[in-house]
Amino acid sequence: MAVKIPNSIDELPTSSPRFIGHRVKRVEDTGLVTGRTEFIDNVSMTGMLHCAILRSPIAHAKIEKIDVSAALDLPGVVAVVTGEDAAKWSHPAASSPDGWGTYCLPADKVRFVGEPVAAVAATSRYIAEDALELIEIEYEPLDVVSDPVAAMEDGSPLVIEERGSNVMLQRVFNWGDTDAAFAAADHVFSEKFRWNRLGANPIETYGCISEWDPTELGITVRGAFQSPSHMALGRAMTFGLPSNKVRMIAHPHGGSFGGKGGVRGTDVSLLLSRKTGGRPIKWIEDRMEYLAAGGSQAWDRRYEFSIAVTNDGIVTGLKVKLVDDIGANGEGFGAISAAKPLAAFTGPYTIGAAQYDLSLVATNKAPASPYRGMGPPPHNFALEQMMDIAARSLGIDTAEFRRRNFIPKDAFPYIIPSGNEYDSGDYEAVLDKVLALSEYEKLREEQKLAREQGRLVGIGVASAIEPGVFDWNAYAVVGVQGTGVPEGATVSIDILGKVMVRVGFALEGQGQYTLVTQLVADYFGLEMEDVSVTMLDTASAPPAFGPGGSRLGVAITGAVLGACDRIRVKMCKVVAGLMQTEPENIQLMDGVFGIPGVSEAQMPMAQVAGTMLGASHLLPPDVDPRPEATHVWTAAGRTPVDEEGRTKSYLTAAHAVHIVLLEIDPDTGMVEIQKYVLVDDCGTRLNPATVEGQTQGSVAQGIGAALLEEYVYDEDGQLLTSTYMDYLLPTIHDVPALVMGEVVTPSPFSPLGAKGCGEGAIHTTPAAVMCAINDALVPLGTRANEVPAAPNRLWKLIHTARENTSSD
Amino acid sequence: MATMKTVRMKVNGVTHESEVEPRTTLVDFLRGPLALTGTHVGCEHGVCGACTILVDGRTARSCLMLAVQADGAEITTVEGLATPEGLHPIQQAFIEEHGLQCGFCTPGFLMSLVELLSENPDPSDAEIKDVLGGQICRCTGYQSILKSVHSAIAKLRTAGVAAQPPLA
Ligand code: FES
Ligand code: FES
């Protein structure tokens, strides 16, 4: 019998859910506020050594010679590894695109500042770092290429010689007859945009404790893994091990946002463990290592956007040209960020034809990694600027312009030109609500007054889709294989009716253990305290990926409800046997199994579990006596890509409209956000408090992206923003209070109708802030097309524009 | 091996005396030999505030202090906030108002607030922001933290207790 996973909260076996859909307290929090949660750096093991990594100070150079003898002589130093060891014991890392991985320690040359070249294992981190200073390396500098456009030219220095070019991938996708749409258009608007590198920056860096087992010839790594199974597979490939000899034990971690990284450090520490005969090696990345070479850097983009528009303000075609600077190799899988925009290429709009001219380019910079949103935020930023450019030129209000182009609510499910299917939505309702909440008309009047006083006040209205529940097929165009992303959970009920749920991912911040607890408690009519959640390592967990691509809330809901349903079916059989009826006659409701309407034929779930585990003589003959089940969920209906890269990839499409009011100080170029209002629709809200938390945190990251955050390299490939004094994260002063509202159109396809919402506002916030900045700049006749719109950039724009007007 | 120095300090009411290398940072000393791993390290260069503790009742960034500089000091870390009877009101407020997500920054926020609320039981938003401007949280966007602070203020007022745990 097929497993039944409810598509709405009403279908849960409870007359009134007490936890799902409610703002419940998180089960994770007591450990965290008391400092007891076991982050990886809290762990010590017998015989453990500490690793420190020596990194290249040069962006591109041949390694002529490495002398580690003095380091080895230092008391406390146990081993040193270099590129020779990596070549002997490992393979180049897996990469996207395929074939662009390198060794974790290169033997021949370094390709970016911060690239590991040697590493020490010692009895303390202090000694290990002392030893790094004793390693002598002779470099012969090579020409550096730090500009991706120059890197594409013939004769450019090559980052990876064997590839014969720095172009990792170049492809033009055509979806529909874009040229015809442009030829028929009343207006064509084109603009160039620059999105500078930024990145995840969780407050905990990456860390791990790596062990090589010389008897089993396998490895065990404890660490801050966002996706333990994915790390395990990668390590098996890198070390040429059977995948069943690789065990990853994930620890709770202090955020990830896609950019936890850790691959190189893990591999380097594994080499050290092997060299020391299997001692556990702890490697804790420090912040400067994270900034220079961790999973930190993402989205270094040069865009050209064109849209075709009718006189009525209908956008009929979209052309996007992207040169994406991926850095020194493909090991960070930053390339998937260029593929994900296909899942929502034309945003919430009916644009019927689109073209994507994509180049991924290698340069002598840190390898690009994913970051929350995984690529669409820069795309949305540019698309939303284009919408405003067109609206202004046609004299249409920017909110109204979007309304005219929205996919209508009766058109769902709706397939966009790039192939993905949007599940449901009511975009106009979202817009109407945010316009009302923000008192949009009044804002425009205030703006008019401010402009009359010469103040630079702007209003941004931006709308975007958040694709939810990623599938590997979304990244097929950059060489990632597979369809489906299985997520499993095991629900186990003990003899007293208490529940343990085993999952394959660790705490990361999104409150997923709370969600699991809510689901099981409501399903079986329990209190939340009756449900515990624990994490299994990759050797014992069911197939699992963990958080990423706004998937886990939906996926773990599917897994847990599937497992609960399997238990329900077993229990119905047991109860039917005891009540001498057929299982179809037994119903579970509010934690009690029984024949509906027959008050003497009712059995609480705990009694059923107790019977299964402690009264075998009462059980019907063919029943499985374990009140336990595992379910592995993956989104249905996903397909491999077609020849143009089209596929149903992300299962859900959440939607949001943000409205921002801000003022630019012309004397300083500083932006003050005065009002921030948003309405979103992410389907059923399983825990509204955590949804809000994800949204607020994501707005903050979006504001950081729009105004503050940037990795700056000079032309020699030197990173100039190597500390938090230079790489600016938003503080409490930078993030405004939010006014938030919601519209709920449940997904027809997902467990309980929820839509992925973990990435949230970052899809929309940078676009909204930049729309507002450009709105503020209208009276000056200039535009900000570069992100972040840092004060120096805005000041320069404003002053150049003023000089131009005064000299006219 | 550098000459070792003897340091003596009272941490969460317990006196410790140990030999340390003079270069050992205070946070490494607390997290290592004293096994007080609730104080976290986010940057080791004084910006993120994750390592914030109280030294003689004043907040300090334990990544920027050496253990030897704390010789003779009384120190409170996050482990010193809860009692066997229960959580500190500020901890409770953070749980109730969802003032944390990954929780890695949280101990630093809590310690900063213990100092602020013990000196000023009724701070304005501007005063709260002034103090928390030195703590970075990458997850929450700070709104829920502000709410948590307001809830903590109310809790402390109702209970009629001072924010700072008494120095034993
Ligand atoms: S770790 Fe001390 S301020 Fe960041
Ligand atoms: S809760 Fe994650 S950094 Fe603050």
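Analyst: Happy to. Chain B and chain A bury about 4000 Å² between them, and carbon and sulfur atoms give 61% of that area. Buried area here is the accessible area, found with a 1.4 Å probe, that two parts lose on being put together, summed over both. Three residues stand out on one side: His98(B), Gln101(B) and Arg138(B) supply 20% of what chain B buries against chain A, more than any other three residues.

Before going on, a word on the basis: this is a predicted model, in which local features need pLDDT of at least 70 and side-chain atom pairs count only at pLDDT 80 or more, while totals for chains, interfaces and linings use all residues. Residues are numbered from 1 along each chain as its sequence is written, chains are lettered from A and ligands numbered from 1 in the order in which they are written, and side-chain values use heavy atoms, with hydrogens and water left out.

Now for the residues that touch. In chain B, 45 residues are in contact with 53 residues of chain A, where contact means heavy atoms within 4.5 Å.

Some of the pairing involves charge. There are 3 salt bridges between chain B and chain A; a salt bridge is a side-chain nitrogen of Lys or Arg within 4 Å of a carboxyl oxygen of Asp or Glu. A salt bridge joins the side chains of Asp41(A) and Arg31(B), at 3.4 Å from N to O.

Polar contacts can be counted too. Across the interface of chain B and chain A, 21 residue pairs are in polar contact, both residues being at pLDDT 80 or more. Such a contact is a pair of N or O atoms within 3.5 Å; within protein, one must be able to donate a hydrogen and the other to accept it, and residues adjacent in sequence count only if both atoms are side-chain atoms.

Which elements of chain B face chain A? Those giving two or more residues to this side are helices H1 (26-31), H2 (89-96), H3 (106-119), H4 (125-132) and H5 (143-159) of chain B. The largest share, 4 residues, comes from H2(B). Helices here are DSSP runs (H or I, at least four residues), numbered from the N terminus.

Sorted by class, the side of chain B that touches chain A has 19 nonpolar, 17 polar and 9 charged residues. In this sorting, Ala, Val, Leu, Ile, Met, Phe, Trp, Tyr, Cys and Pro are nonpolar, Asp, Glu, Lys and Arg are charged, and the others, Gly among them, are polar.
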